[in-house]
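Colleague: I am new to this structure. Please take me through some of the terms and how each one is decided.

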Amino acid sequence: MTQDPRERWQLLVAQIEQARSQYYVQDSPSLSDAEYDVLYRELEQLETDFPELHSPGSPTQTPGGRSSELFDPVEHLERMYSLDNAFSAEELDAWFARVERGIADSGVGEAPAYLCELKIDGLAIDLVYRHGRLVSVATRGDGRVGEDVTYNARMIPAIPQTLVGEVPTLVEVRGEIYFANVDFERINSEQLDAGGTVFANPRNAAAGSLRQRIDKREREARTERAKAEVELGKRRLAGLKLIVHGIGAHEGLKIERQSQAYEVLKGLGMPTSDRVQVLSSPIEVAAFITRFGEGRHEVEHDIDGAVVKVDQLSLQDALGATSRAPRWAIAYKYPPEVVRTKLLDVAVQVGRTGRVTPYAVMEPVFVAGSTVSSATLHNGHEVQRKGVLIGDLVFLRKAGDVIPEILGPVLEARTGDERPFVMPTHCPECGSELRPEKEADADIRCPNARSCPGQLRERLAYLGSRAAFDIEGLGEKSARALLEEGVIADESELFDITADQLRQTTYFTRAPKKGEDGPQLSKAGESLLEGLQKAKSQPLWRVVNALSIRHIGPPTAQAITREFDSLDALAGASAEELALTEGVGAIIAEAIVEWFSDEWHRDIVAMWAAAGVRMRDEVKETGPQPFAGLTFVITGTLAGMSRDEAAEAVTSRGGKGSGSVSKKTSYVVVGDSPGSKYDKAIELGVPVLDVEGFRALLGTPVDSGE
C-alpha cells in the first residue's frame with residue numbers, strides 16, 4: 001500500500017531534522033552524507049509534486065544547523081546561508097541556465113564570471129574583527145544565530161587575533177575550520193586507542209574539537225586523567241586549520257567582486273586558498289570540477305566537492321537568495337566517500353607471503369564510484385582496536401578512492417545481537433598452526449610457504465599483475481584454475497605451460513565449432529599463452545618483484561636492479577652488500593638472502609631461466625646516467641605511453657620517481673587531467689613537461705610506440 005504523501009513528508013522531515021541535530025549539534029552523525037542526500041532529495045521532489053506540503057519550516061527552506069545549549073548564542077551581523085547542491089553535470093547546467101536567466105531578467109546586462117573553489121569538509125564559522133582585533137567567533141548555527149566559541153578559537157594558531165595592514169573599522173569574515181588529512185587520521189587513532197567512537201568525517205572531528213567546553217573542563221579538572229583530557233582537547237584545537245571564503249558585514253571596505261574580497265582578506269593576514277580560480281564559462285568551470293574530482297586525494301585536506309560563485313557582487317545582489325541559500329552560488333558534490341553498511345561477517349585470507357589477514361564481509365554498498373562488499377581489517381589487533389562486532393552497522397570509506405576501509409561502528413545502532421570476531425589459530429587453507437614471525441608482531445603467518453594452497457594461489461595470481469610480469473589472462477580465477485585442474489603444481493612450471501595442457505581443462509577451453517576436432521582454446525587460454533610469451537622479455541626488476549620476497553615492491557625492485565644487473569648477481573650478494581643499495585637497508589637485505597637460501601626458491605629461478613625468462617638486464621653504459629640525481633613526478637594520462645612505461649624510462653636513465661611534488665622535484669610530467677599536482681608544480685615553480693617535452697628529454701620521437 002502506497003504511503004500517504006503527507007505522512008511520508010512528515011516522516012522525511014522528522015528523519016532529516018534528527019540527522020541535522022546529530023550532525024550539527026551532537027557532532028555524531030548516524031547517517032552518512034549519501035543517505036542524508038537521498039532523504040533530502042526525496043523531500044524536495046515530494047514538495048514539488050505536492051505544493052500544498054511546502055511550508056516555511058521545511059528543511060528545504062531552512063539552513064541545516066542550529067545552536068546547542070552548551071554555548072552562549074551569538075547573532076550574526078549578516079545572515080550565513082547554506083548552499084544548494086548539484087550532483088550531476090545536468091544539475092550544474094540547470095543552475096547556469098537559472099543564473100543567466102536571472103541576470104537577463106534583472107536588466108544588469110553584464111556577463112557573469114564564475115569563482116571556483118574547493119568545498120572543504122569542515123565547520124563553517126563567523127569571525128568578527130573591530131579595528132583589526134578579533135572580538136568574536138561563532139558557529140553558523142541556523143544562519144542567524146550561532147554558538148559563541150571565541151574562548152576555544154583563541155587557542156587555534158591558524159585564526160589571526162589581529163589583522164595587519166590597512167585594517168577596516170569592521171569586518172565579518174566567513175571561513176571553514178578543518179583538519180588536514182594527516183591530523184584527522186591521528187585524531188581517529190587517538191579515539192580508538194582511548195576506546196571512543198571514531199569521527200565519521202573530518203567535519204565532525206573539527207566540530208567536536210572546536211565545540212568542547214574547555215573552560216568548564218579546565219576549571220573542574222582535579223584528577224590527572226581529567227587534566228590530560230583537557231590537554232588533549234587543547235592539542236586538537238591547536239591542530240585546526242582555517243581557510244576564509246567570504247565577507248559579511250563590513251565598514252571601511254570597498255569591494256566589487258568576490259575574488260577581490262579574497263585578495264583583501266589575504267592582505268589583512270587571513271589564510272585564503274591558493275586553489276581559487278575565476279573562470280569565464282561553464283565549460284571552464286566543469287573542467288575545474290573534473291580536475292579536482294580526479295585529484296581530490298592529492299589535496300592536503302578532505303574535500304567533498306567544489307563551490308561555484310558568481311564573482312561580481314552586483315550580479316549577486318541582482319540574483320538574491322531563497323530563504324536558505326543564495327541563488328548566485330552552488331556546491332557541486334563529488335560522490336560520497338563515507339557510507340554506512342552492515343558488517344555481515346569477518347573472514348580471513350592467506351596472502352602470498354603467508355600473512356593471514358581478516359577482512360570484512362559486508363552488505364554491498366556504493367561508495368566513491370563502485371560497489372563494495374569487502375574491506376581489509378589488517379590483523380586481529382586492529383579489529384579489536386576499531387571495536388567492530390559482527391552484525392554492526394559500520395562507517396565505510398575508500399582510502400584514496402581505491403581501498404575500502406572500515407572506520408568504526410555506529411554504536412547507537414547496536415541491538416545486542418552483535419558478536420565479536422575471534423582470530424583463528426590454524427591456517428584456513430592448509431591447517432598449519434599460525435604464529436607471529438616475531439614475538440611482538442601484530443601479524444600472524446602460515447609457515448607452510450611452499451605448499452599452502454592459499455599462498456600458492458596468491459603468488460601465482462600476483463605474477464600476472466601489473467606490478468610483476470603484467471600477464472594478460474593471468475588473474476585470481478585463472479590462477480585457481482591452473483592449480484585446481486592440475487596444469488601446474490606451482491609457479492616454477494608457469495612458463496612451461498603448453499596449449500595441449502590447457503586443452504585438457506574446462507576453464508581454458510570452449511566447445512568445438514562445426515568442423516573442429518575436440519575442445520578448442522578459449523580466448524582466456526589464447527590470451528594466457530600469448531601473455532606468457534611476452535612476459536619472458538620483461539625487465540629484470542619485474543622478475544625480482546615477481547619472486548614475492550618479503551618487503552619488496554616495484555620501487556625497491558627497481559632500486560635493486562640498478563645495482564645488480566642479473567639474478568645470479570643478486571642471489572650471490574651478501575646481506576652487507578645488499579644493504580648498501582639505496583632504498584634497501586638491513587631488513588630487506590636479510591629477506592633477500594633468506595629467500596635465496598631455500599632450495600625450492602632457487603628451483604623456481606632455474607626453471608624460469610630454462611623456459612626463457614629474462615634473467616639479466618642489458619649492461620648499462622659506464623659513466624653517469626643522464627637522469628642521475630633528478631626526481632620526476634608523473635601525473636595525468638600520457639598519450640602513447642602508460643605511467644609504468646614513463647616511470648621505467650626515468651629509472652632506466654638513472655632518475656627517481658616520486659608520488660608528490662615538492663621543491664626538490666626536478667620535473668613534473670603532465671598528461672591529460674593532471675589534477676592538483678600540476679597546480680602544486682606551478683605554485684612551487686617546478687619545471688613542467690608535456691608528453692612532447694618529456695619524449696624530447698628522453699630522446700625518443702613524439703609518436704613513438706616503444
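**Terms and values**

Modeller: Helix H3 (residues 89-106) lies across S2, S3, strand S10 (303-310) and strand S11 (329-333), and runs at about 175° to S11. Helices (H or I, at least four residues) and strands (E, at least two) are DSSP runs, numbered from the N terminus. Axes are lines fitted to C-alpha atoms, for helices over the stretch in contact, and angles run from 0 to 180 degrees between N-to-C directions. This is a predicted model, in which local features need pLDDT of at least 70 and side-chain atom pairs count only at pLDDT 80 or more, while totals for chains, interfaces and linings use all residues. Residues are numbered from 1 along each chain as its sequence is written, and side-chain values use heavy atoms, with hydrogens and water left out.

Colleague: What makes strand S2 and strand S9 edge strands?

Modeller: The open sheet has five strands in the order S2-S11-S10-S3-S9, with mixed pairing. Strand S2 (85-86) and strand S9 (277-279) each pair on one side only. Two strands pair if DSSP finds at least two bridges between them. Strand S3 (residues 114-120) and S9 run antiparallel and are joined by three bridges, so they pair by that definition. Tyr114 stands opposite Leu279 in S9.

Colleague: Why is Arg459 called buried?

Modeller: Its relative accessibility is 6%, and buried means under 20% relative accessible area, exposed over 50%, partly exposed in between (1.4 Å probe, protein chains only). Arg459 therefore counts as buried.

Colleague: What does Arg459 touch?

Modeller: Leaving aside neighbours within four places in sequence, Arg459 is in contact with Arg352, Ala449, Arg450, Glu491, Ser548 and Trp600. Contact means heavy atoms within 4.5 Å.

Colleague: Why is H13 said to be largely enclosed?

Modeller: Nine of the eleven residues of H13 are buried, so the rest of the structure largely encloses it. Arg459 lies in this helix (residues 453-463). The cover over its buried residues includes strand S12 (338-350), helix H14 (476-484), helix H17 (540-546) and helix H22 (599-610).

Colleague: Is Arg236 buried or exposed, and how do you know?

Modeller: Arg236, in helix H8 (residues 224-239), has a relative accessible area of 9% and is therefore buried. Among the residues Arg236 touches, not counting those up to four places away in sequence, are Phe179, Glu190 and Phe199.

Colleague: Why is Val688 called partly exposed?

Modeller: Val688, found in strand S23 (residues 688-689), has 31% relative accessibility, so Val688 counts as partly exposed.
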